[in-house]
Amino acid sequence: MTFLSPVLMIGMIALVTLLTKNSIEKNSTVAFVDDSGIFSGDDFSKEKSITFEDLTEIGLEKAKIIVRESSQEGLLYIPSKENIDEIAKNIQFFSEESPSMIAISTLESIIDKKLEKEKMKQLEIDLVKLEKSKVNIDIKMSNFSGIKSSKLINGIKIGIGMGAGYLIMMFILIYGAMVMRSVIEEKTSRIIEVIISSVKPFQLMLGKIFGTALAGLTQFVIWGLLMVVIFIGSSYFFGVELHNNGVGMEQMGVEQLDRLAQNETQLVFDELMGLPLISTFIYFILYFLLGYLLYSSLYAAIGAAVDNETDTQQFMLPIMLPLMLGVYIGFATVINDPHGNVATIFSLVPFTSPIVMLMRIPFGVPWWQILISLTLLLLSFLAVVWVAAKVYRVGILMYGKKISYKELMKWVRY
């Protein structure tokens, strides 16, 4: 599963994309009755995803019967009213089943444009001049060296940051729970009594934590290598050439860059190659290790304090809240303002920094903030390990007693 997980994940995303695309591109048939006399077949012919059938001549009631007995998606009825506003308020769509929201949105768009033109005619607005007055803005993005950028790059950065932060949270929960369950299993089977005759409880706790961390790190390295292979393979599959956006790219002229970025896909791949992917992956490993070590110490202490997994529920919420807070802070603030005060503060707070800082890194974070964040995270880990070791030392041989927070505080003071 270590090797298959990335492939299965990408395959699932491709399958969902394919199914969604087929659902969106599904061609449906809609009949319409236009008593207003404003619409014609030409008004609906430009829409490719929906085939329209004009049943105006047979009237609304007969059209309802025909559509009900056919496989058409529904019947659009445009009434005859005194003015455009009344028509817009009284348009109806009849269907046996709930219609597709995409189809309804498409119909609303077509009708809106047509009625808008008719109303402008009534107000004697020159449609030709109005059409000529429209201006399409397409802002070109580049840095001060003249190297072009893509409008999608911010979305790519958001995706990388959010994905990395969410993965950190999930893996901390998964591997931390593994440590906790391992401690509970050894404690309930009484094998722990044999183990600690040769190993100190503190050494045993750190062994479990670091062993599981190395297992997770091995998986990350394998997944990282597989993702690089898949990324390079997909670039050739889509006919995209990979370029080095380092010093060589900065020395290239604007005309040569224009030839390289012939389409948006090429430009996106060039932007991806220009992102600090390697440093981001290294930071991901660092924050995963330190974040995992911080939280797994708490998980190990909880496992030592209880007799079974059911009793862990009262202690899990305080551990999960900072992780959930980090994810919500990241989604709520990093997207809009990655360098704002809220995002910066929570990227330095040890219990949320593994998630929030990783979400900020693709947008560019000063090295001193990363250094402070990692230092605080390391110091917090050492402090939490010291506290967790005291709980672990006492609780590992404690049986048959329901533990409260008050009791845990006594163990820390021993």
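Which residues in H16 are buried? Ser353, Pro354, Ile355, Val356, Met357, Leu358, Met359 and Arg360 are, where buried means under 20% relative accessible area, exposed over 50% and partly exposed in between (1.4 Å probe, protein chains only). H16 is thus mostly covered, with eight of its eight residues buried.

The model is predicted: local features need pLDDT of at least 70, side-chain atom pairs count only at pLDDT 80 or more, and totals for chains, interfaces and linings use all residues. Residues are numbered from 1 along each chain as its sequence is written, and side-chain values use heavy atoms, with hydrogens and water left out.

The protein chain holds 18 helices and six strands. Helices (H or I, at least four residues) and strands (E, at least two) are DSSP runs, numbered from the N terminus. Of the 414 residues in the chain, 39% are buried. Contact means heavy atoms within 4.5 Å. Among contacts with a separation of 6 or more, 71% come from residues 24 or more positions apart.

Helix packing was examined around H13. Two packed helices are described by the angle between their axes and the distance between the axes. Axes are lines fitted to C-alpha atoms, for helices over the stretch in contact, and angles run from 0 to 180 degrees between N-to-C directions. The axes of H13 and H16 (residues 353–360) come within 9 Å and cross at roughly 170°. H13 and H16 are therefore roughly antiparallel; angles under 35 degrees count as roughly parallel, over 145 as roughly antiparallel, 65 to 115 as roughly perpendicular and the rest as oblique. H13 contributes Thr280, Tyr283, Phe284, Tyr287 and Gly291 to the contact, and H16 contributes Ser353, Pro354, Met357 and Leu358. Six of these residues are nonpolar, three are polar and none is charged. Here Ala, Val, Leu, Ile, Met, Phe, Trp, Tyr, Cys and Pro count as nonpolar, Asp, Glu, Lys and Arg as charged, and the others, Gly among them, as polar.

H13 also packs with H14 (residues 313–334), at an angle of about 170° and with the axes 10 Å apart. This makes H13 roughly antiparallel to H14. Tyr295, Leu298, Tyr299 and Ile302 of H13 meet Phe315, Met316, Ile319, Pro322 and Leu323 of H14. The residues of this contact divide into nine nonpolar, no polar and no charged.

Aromatic pairs number five. Rings of Phe, Tyr and Trp (its six-membered ring) pair if their centres lie within 6.5 Å; planes under 30 degrees apart count as stacked, over 60 as edge-to-face and the rest as tilted. Phe32 and Phe52 are edge-to-face, at 6.5 Å centre to centre and 70° between the planes. Their pair links distant parts of the chain: Phe32 lies in strand S1 (residues 28–34) and Phe52 in strand S2 (residues 50–54), 20 residues apart. Phe32 is buried at 2% relative accessible area, and Phe52 is buried at 17%.

Phe288 and Tyr292 form a stacked pair, 5.8 Å centre to centre with 20° between the planes. Both lie in H13 (residues 277–305), four residues apart, about one turn of the helix. Thr212, in helix H9 (residues 201–237), touches Tyr175, Met178, Val179 and Tyr292, not counting residues up to four places away in sequence. Thr212 counts as buried, at 15% relative accessibility.
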